[in-house]
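Student: I have a structure open and would like to go through it piece by piece. Can we start with a loop and work inward?
Tutor: Fine, go ahead.

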Amino acid sequence: MHTITSKNLSSEELMEVHNWLIQNNIGTHRLRRDFSDVWPLAEILKRHYPRLVDLYNYPKKSSVQLKMANWETFNFKVLSKFKITLSREFMELLSNGVHGTAEVLLHEIIRLEKRQRMVEERNVSVRQEQAWEENDEVKVVVVNKRVGDAIVQIPQKMILYSLYEKMSQDNQTKDLLIDTYQQRLTHMENIIKVKTQRIEELLMQMGKIPPKMANTVTSSCFLNYDGKCQAPAPSLDSDSRK
């Protein structure tokens, strides 16, 4: 059982508490007054452990004596479940709103969250290990591995070759499918490019392109009925002069 008592936090620990307060949308200007009672902390832990914390057990109080009663109840019903306990002296400091006490409490809550997160991650890892062991297609063999100057035996998970071969074939099939879709995509992009050029030619023929572009195009060619560019025919005036 870890007993929380009054202490001085380092600047790094105070910054960690400050960042935690920001992440949980908790104001800092009335910190020692707000956390002189159990209610704010009970609300925080209620989010993560709804079955463990019953807010009806901790109504907001104004007197120091009633706040102490709240802390004693919370200490017994909730914190003890996490192997944490508040010393009576520390609860008195909290109830009286002594400067720095709330930060110490919240830093311990941050440490608690870290420990609980590690427990959850370890449980996930254990469940994964059990799933591997229960899977008949996965075998665990012991292999020798050199670590420094010593040879140690390390368990190594292996799968059946038939399973590996099937997975390899499935991957090859997926790769072929991806290549096919890529080729179709390239083909569609080419079609879109051709159609875009055709639309531009039609717009030019209808006179719906910028004047500068129209002058540039029409100075060298014109569009016939099928949209193809041809050199302009000699004018009748030029023929007559010849």
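Student: Where is the place of Asn25?
Tutor: Asn25 sits in the loop between α1 and α2. Keep in mind that this is a predicted model.

Student: What is the phi of Asn25?
Tutor: Asn25 has a positive phi of about 55 degrees, although Asn25 is not a glycine.

Student: Buried or exposed, that Asn25?
Tutor: Asn25 counts as exposed, at 73% relative accessibility.

Student: Which residue other than glycine has a positive phi near 60 degrees?
Tutor: Lys83 has a phi near 60 degrees. Lys83 lies in the loop between α4 and β2. Lys83 is exposed, with a relative accessible area of 60%.

Student: Stepping back, how many helices and strands does the protein chain have?
Tutor: There are nine helices and six strands in the protein chain.

Student: And what share of the residues is buried?
Tutor: Of the 242 residues in the protein chain, 24% count as buried. The accessible surface is about 18,100 Å², and 54% of that belongs to carbon and sulfur atoms.

Student: Of the contacts between residues at least 6 apart in sequence, how many join residues at least 24 apart?
Tutor: For the protein chain that figure is 48%.

Student: Now the inside. How many residues are in the largest nonpolar core?
Tutor: The largest nonpolar core has 34 residues. The ones with the most contacts inside that core are Trp20, Phe35, Leu41, Leu45, Trp71, Phe74 and Leu86.

Student: Which elements each supply at least two residues of this core?
Tutor: Those are α1 (11-23), α3 (39-48), α4 (64-77), β2 (84-86), α5 (88-95) and α6 (101-134). Helix α6 gives the most to this core, with seven residues. As a general point, nonpolar side chains in soluble globular proteins tend to be buried together.

Student: Take Phe74. What is Phe74 in contact with, leaving aside its neighbours within four places in sequence?
Tutor: Phe74 is in contact with Val38, Leu41, Ala42, Leu45, Tyr58 and Leu79, with neighbours within four places in sequence left aside.

Student: Which residues are buried in α5?
Tutor: In α5 the buried residues are Phe90, Met91, Leu94 and Ser95. Seen down the axis of α5, these buried residues fall within an arc of 135 degrees, so they line one face of the helix.

Student: Why does Ser36 count as buried?
Tutor: Ser36 counts as buried because its relative accessibility is 3%, and the cut-off for buried is under 20%.

Student: What joins the side chains of Ser36 and Lys67?
Tutor: The side chains of Ser36 and Lys67 are joined by a polar contact of 2.8 Å.

Student: Changing topic: how many salt bridges does the count come to?
Tutor: The count comes to eight salt bridges. One of them is between Lys7 and Glu108, where the closest N and O atoms are 3.5 Å apart.

Student: Is Glu108 buried or exposed?
Tutor: Glu108 counts as buried, at 3% relative accessibility. Lys7 counts as partly exposed, at 36% relative accessibility.

Student: And which residue meets Glu16 in a salt bridge?
Tutor: Glu16 meets Lys114 in a salt bridge of 2.6 Å, N to O. Glu16 is in helix α1 and Lys114 in helix α6, 98 residues apart. Glu16 counts as partly exposed at 25% relative accessibility, and Lys114 counts as partly exposed at 39%.

Student: What about Arg198, which residue does Arg198 form a salt bridge with?
Tutor: Arg198 forms a salt bridge with Glu201, with the closest N and O atoms 4.0 Å apart. Arg198 and Glu201 are three residues apart in helix α7 (residues 161-205), so about one helical turn separates them.

Conventions
Residues are numbered from 1 along each chain as its sequence is written. This is a predicted model: local features need pLDDT of at least 70, side-chain atom pairs count only at pLDDT 80 or more; totals for chains, interfaces and linings use all residues. Side-chain values use heavy atoms; hydrogens and water are left out. A nonpolar core is a set of buried Ala, Val, Leu, Ile, Met, Phe, Trp, Tyr and Cys residues joined through side-chain atoms within 4.5 Å. Buried means under 20% relative accessible area, exposed over 50%, partly exposed in between (1.4 Å probe, protein chains only). Helices (H or I, at least four residues) and strands (E, at least two) are DSSP runs, numbered from the N terminus. Contact means heavy atoms within 4.5 Å. Accessible areas come from the Shrake-Rupley method with a 1.4 Å probe; for residues, only the protein chains shown count as cover. The arc is that of the directions from the helix axis to the C-beta atoms. A polar contact is a pair of N or O atoms within 3.5 Å; within protein, one must be able to donate a hydrogen and the other to accept it, and residues adjacent in sequence count only if both atoms are side-chain atoms. A salt bridge is a side-chain nitrogen of Lys or Arg within 4 Å of a carboxyl oxygen of Asp or Glu.
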